[in-house]
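Hi,

Here is the structure I promised to pass on.

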Amino acid sequence: MTLLRLALRYIRPYWGAVTAVVVLQLIATIAALYLPTLNASIIDKGVVKGDTDFIWATGGMMLMVCFVQVAAAITATYFGARASMSLGRDVRRSFYRKVDSLPALDLARWGMPTLITRNTNDVQQVQMLVLMTLNFMVSTPIMCIAGIILAVQVDAGLSWLIWVSVAVLFVVVGVLVWILLPMFREMQDRIDGVNGVIREQIVGIRVIRAFVRERFETTRYDDANAALTRISVKVGNVFVLMFPVIMLILNVATVAVLWFGGHRVDAGEIQIGALTAFLQYLLQILVAVMMGVFMAMMIPRAMVCAERIDEVLGATPSTGAAVGTSPVPADGRVEVESVTFGYPGAEKPVLNGVTFTAEPGRVTAIVGSTGSGKSTLVSVIADLFTPQSGQVRVGGVAVDSLSREQLSGVLGLVPQKPYLFSGTVATNLRFGRPTATDDELWDALRVAQADDFVRAKEHGLDERIAQGGTNVSGGQRQRLCIARALVARPKVLLFDDSFSALDVATDARLREALAESTGDATVIVVAQRVSTIREADQIIVLDDGRVVGRGTHDELLESSETYREIVESQLSLEVA
């Protein structure tokens with residue numbers, strides 16, 4: 001069972017706490033089972049005979065037993081909470097590390113909303129089940145077994161009431177679990193749906209408002225929310241049914257004990273104190289079974305959650321992670337050799353036999369129409385995607401043989417969609433090199449044409465950055481991302497359409513500063529604007545995933561019809 005395997009795997013480091021819970025719960029349960037015996041003695045030997053001293057002495061004993069029971073139960077709950085919360089923390093940590101290690105294409109198979117749900121809500125359900133198990137399920141079997149033995153010792157003639165009551169409860173449990181299991185699976189899927197809609201609407205709020213689609217998106221959210229509500233109400237209806245049924249069984253069992261036991265008392269077959277003890281034992285047994293029923297109601301949902309968690313934890317990456325045994329590349333020479341790549345389920349590959357070389361100290365530009373494979377090629381070079389055939393080498397070393405740590409020291413990527421993390425300007429810039437000094441940060445900002453607006457901020461490098469960089473403009477965010485890549489001092493700089501939000505003047509100044517500061521680094525630039533790459537040492541023209549042109553700006557104007565069409569669509573013939 002996935003749930004059991006997952007729980008045992010992550011509870012193992014906390015066996016000491018679990019052992020303490022078992023021992024303490026055993027003490028608390030024995031104390032609880034001893035109380036009815038003492039109560040029966042007070043009735044039969046104290047009340048009936050009028051022995052006040054015996055009543056006081058036995059009552060004091062009951063008080064001490066109650067104190068031991070409470071102390072043991074509280075301490076057991078403490079250790080149980082520590083063990084279960086630690087388990088939840090460890091599962092979340094493992095889940096995060098697994099997600100962080102999987103290739104982008106593998107993550108796309110699930111999607112961000114469900115991954116967030118699995119690492120929060122799903123883990124919480126498993127964690128809560130473990131907590132309830134340690135607090136209740138340890139004592140439940142002890143209470144049931146010992147309670148039945150003691151009850152039979154008190155009066156074997158009434159023992160059949162125990163078997164009938166417990167059997168009825170187990171039948172109720174089985175039916176309810178069978179009903180709830182598919183409901184809980186659907187509930188988790190509905191939670192994924194609500195999270196997906198919320199995330200999409202928050203990220204795309206500007207587009208929604210620009211097209212005045214608030215009412216449509218509100219309706220879409222209401223539909224997802226209503227679907228979750230409907231299944232939650234169905235689950236709630238089952239829970240509402242559960243407690244009245246259990247209480248009915250408890251009350252019927254109590255009436256049966258009093259009825260049949262009263263006749264046995266009248267016949268002199270059992271004393272009143274013993275009958276009271278038997279009734280207490282029966283109620284203890286049924287309450288323990290009721291707690292087991294409550295736990296059983298949680299198990300189906302936790303089973304579903306454990307399967308969803310284990311699906312990610314047990315996922316095999318589509319590409320093997322390099323262990324970093326290859327030597328670090330001596331330079332930034334990038335060789336792309338016969339690279340072919342296609343997305344899963346696509347009719348044809350996005351890249352088809354792409355081959356070129358980017359030399360250190362030179363700028364290689366990649367241009368092409370929309371959908372020609374430019375950004376995909378950058379992702380393949382950065383080893384974010386693994387090609388179906390062909391190879392990418394940096395400094396003569398295959399990128400897929402380098403560990404992520406080695407690769408991050410060699411490649412600096414500025415993605416098409418710039419992203420900043422919550423923190424400060426300084427913490428974002430030091431993302432690739434935590435040891436960078438303030439002077440180095442300012443130097444990178446100067447090259448990226450970002451020092452002016454950072455200095456204008458009240459706190460400078462310590463200015464707060466919101467999650468995603470939403471409190472700075474698109475152009476500022478883009479320049480800070482460029483500065484972040486420069487701070488890392490990589491041998492290869494990859495700019496994936498990273499100048500699109502800049503005006504022409506800022507673009508020109510940035511390219512000039514880059515040429516002066518990058519030194520021997522290999523610079524690969526993906527751009528839509530021809531003005532951004534016309535001075536590049538080499539321009540690679542992509543069309544439908546194939547290289548259809550290679551050369552300088554002037555050479556391609558003469559030799560490549562595709563490049564000429566791109567230029568003519570942007571510039572006048574005089575500029576061209």
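Let me start in the sheet: leucine 413 stands opposite leucine 494 in S9. Strands here, like helices, are DSSP runs numbered from the N terminus (E, at least two residues, for strands; H or I, at least four, for helices).

Before I go on, a word on the source. This is a predicted model, in which local features need pLDDT of at least 70 and side-chain atom pairs count only at pLDDT 80 or more, while totals for chains, interfaces and linings use all residues. Residues are numbered from 1 along each chain as its sequence is written, and side-chain values use heavy atoms, with hydrogens and water left out.

Back to the strands. S6 (residues 411–414) runs parallel to S9 (residues 492–496), and four bridges join them; two strands pair if DSSP finds at least two bridges between them. S9 also pairs in the parallel sense with S10 (residues 522–526), over five bridges, and there aspartate 496 has valine 526 as its bridge partner. To get from S9 to S10 the chain passes through helix H17 (residues 504–517), in a right-handed β-α-β crossover. Right-handed means that, with the strands pointing away from the viewer, the path from the first strand over the helix to the second runs clockwise.

S9 is well covered: five of its five residues are buried (under 20% relative accessible area, with exposed over 50% and partly exposed in between; 1.4 Å probe, protein chains only). Val492, Leu494 and Asp496 are on one side, with Leu493 and Phe495 on the other. In a regular strand the side chains alternate between the two faces of the sheet.

Phe495 is also among the residues that touch the most other members of the largest nonpolar core, which has 47 residues. Such a core is a set of buried Ala, Val, Leu, Ile, Met, Phe, Trp, Tyr and Cys residues joined through side-chain atoms within 4.5 Å. Helix H16 (residues 474–487) gives this core its largest share, seven residues. A second, separate core has 46 residues, including Phe184 and Leu275.

Finally, helix H1 (residues 2–11): its buried residues are Thr2, Leu3, Leu6, Ala7, Tyr10 and Ile11. They sit on the same side of H1 because they cover an arc of only 140° around the axis, taken from the directions from the helix axis to the C-beta atoms. Thr2 counts as buried because its relative accessible area is 19%. Leaving out residues up to four places away in sequence, Thr2 touches Ala306, Glu307 and Asp310 (contact means heavy atoms within 4.5 Å).

Cheers
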